[in-house]
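Colleague: I am new to this structure and would like to learn how to read it. Could we start with a sheet and then go on to other features?

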Amino acid sequence: MLTIANVTKSYGPRALFADVSLNIARTDRLGLIGANGAGKSTLFNIILGKDQPDEGLIEWERGANFGFLPQESAPVGDETILQIATSGGKLEPENDDDWDIDYTLEPRAKKILAGLGFRETDHDKLAKTFSGGWVMRAHLARLLVSEPTLLLLDEPTNHLDLEALLWFQDYLTRYPGGLVVISHDRAFLNALCTGMLELRAGTLHYYHGNYDNFLQEKEARKSQQAALFKNQQREIAHLQKFVDRFGAKASMASRAKSKEKQIERLKEDAIEEPTEELKRINFHSNGLDDEGLGHVCEKFPNRSEEHTSELQSRL
């Protein structure tokens, strides 16, 4: 569906990432993680065509399309909540000869809006009368209703209370397209992802499975790398000891020279020593414990007092 081939991006002297390559299929559920500043949003912008890579290419399969939810500030004008969710599509015929109507659009939109926490009486209200968090929910509904081939979501759970988050999480498990999501919600990534992408030190690393699987596989790779590094350093030290001992002897000079060349080749293909990362990725819980249920409204104060009171009554 989407091919990313040898993509490199720098800003001035700073290289964000280099030679990033990835194939994304329609069935993929991928989490994109990395420390702040690693280049996650930049990679999204390159996929979206908002930014251009210094090198490499982005190639879409014929007929594939995408939907993007930014982390903040989705646009809002004079549309109602329902109009945003239906992308302004026609819900009723304009005349007797108007048959170009998808009669499933409105009921699908209303069902998704309900799942995301909107009341039926909210549908015809102007979106600009709602807080920014609820406008983001309406735009999230728009993406789910339109069902693009690939969803690109940047922190989609930020504006969801627990009830809406659980509904959204379940909905995505049945979504008929691909998904790439930037999220710091560990439980969300564990529930959804079939693969993890980590941007680290300018390289994109792929791991199978969800976030917990990523941690296990990353630790295994780190242990393997440490063992290889230790063995290589031991071999270099052994060769260097021979050179130091016999390099000055005429009878052993040719062998010592050969060992020096071996050392040079090993250093050219040096295995990096695994180090503890200085920048940590801060993950949070989505509040699925008993205590979290009591603080849903305090944790997500995105709606008016009237709407918040109703949510408290549901809980």
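Modeller: Keep in mind that this is a predicted model. An open sheet of three strands has the order β2-β1-β4, and its pairing is antiparallel.

Colleague: Which strands stand at the edges of this sheet?

Modeller: β2 (14–24) and β4 (55–60) do. Each has a single partner strand, so one side of each is left without a neighbour in the sheet. On average, neighbouring strands here are turned by 20° against each other, direction ignored.

Colleague: How do I read the pairing of two strands?

Modeller: Strands of a sheet pair through backbone hydrogen bonds, either parallel or antiparallel. Here strand β1 (residues 2–11) and β2 pair in the antiparallel sense over seven bridges. As one case, Thr3 has Asn23 in β2 as its bridge partner.

Colleague: What packs on the sheet?

Modeller: Helix α1 (residues 40–48) does, touching β1, β2 and β4. The direction of α1 makes about 125° with that of β1.

Colleague: Let us turn to β8. Is strand β8 mostly covered or mostly uncovered?

Modeller: Strand β8 (residues 195–200) is mostly covered, with five of its six residues buried. Strand β3 (residues 29–33) runs parallel to β8 and is joined to it by four bridges; Leu32 stands opposite Leu197 in β8. With strand β9 (residues 203–208), β8 pairs in the antiparallel sense over six bridges, and Gly195 stands opposite His208 in β9.

Colleague: How many residues lie between β8 and β9 in their hairpin?

Modeller: Two residues lie between them, and Ala201 in the turn has a positive phi of about 55°.

Colleague: Now the charged side chains. How many salt bridges are there?

Modeller: The count comes to 13 salt bridges. One of them joins Lys9 to Asp54, with the closest N and O atoms 4.0 Å apart. This pair links distant parts of the chain, Lys9 being in strand β1 and Asp54 in the loop between α1 and β4, 45 residues apart.

Colleague: What does the salt bridge of Arg26 and Glu61 tie together?

Modeller: The closest N and O atoms of Arg26 and Glu61 are 2.5 Å apart. Arg26 lies in the loop between β2 and β3 and Glu61 in the loop between β4 and β5 (66–69), so the pair ties together parts that are 35 residues apart in sequence.

Conventions
Residues numbered from 1 in each chain as written. Predicted model: local features only at pLDDT ≥ 70, side-chain atom pairs only at ≥ 80, totals over all residues. Heavy atoms only, no water. Buried < 20%, exposed > 50% of the residue type's maximum accessible area, 1.4 Å probe, protein only. Pairing = 2+ DSSP bridges. Axes fitted to C-alpha atoms, helices over the stretch in contact; angles between N-to-C directions. Contact = heavy atoms within 4.5 Å.
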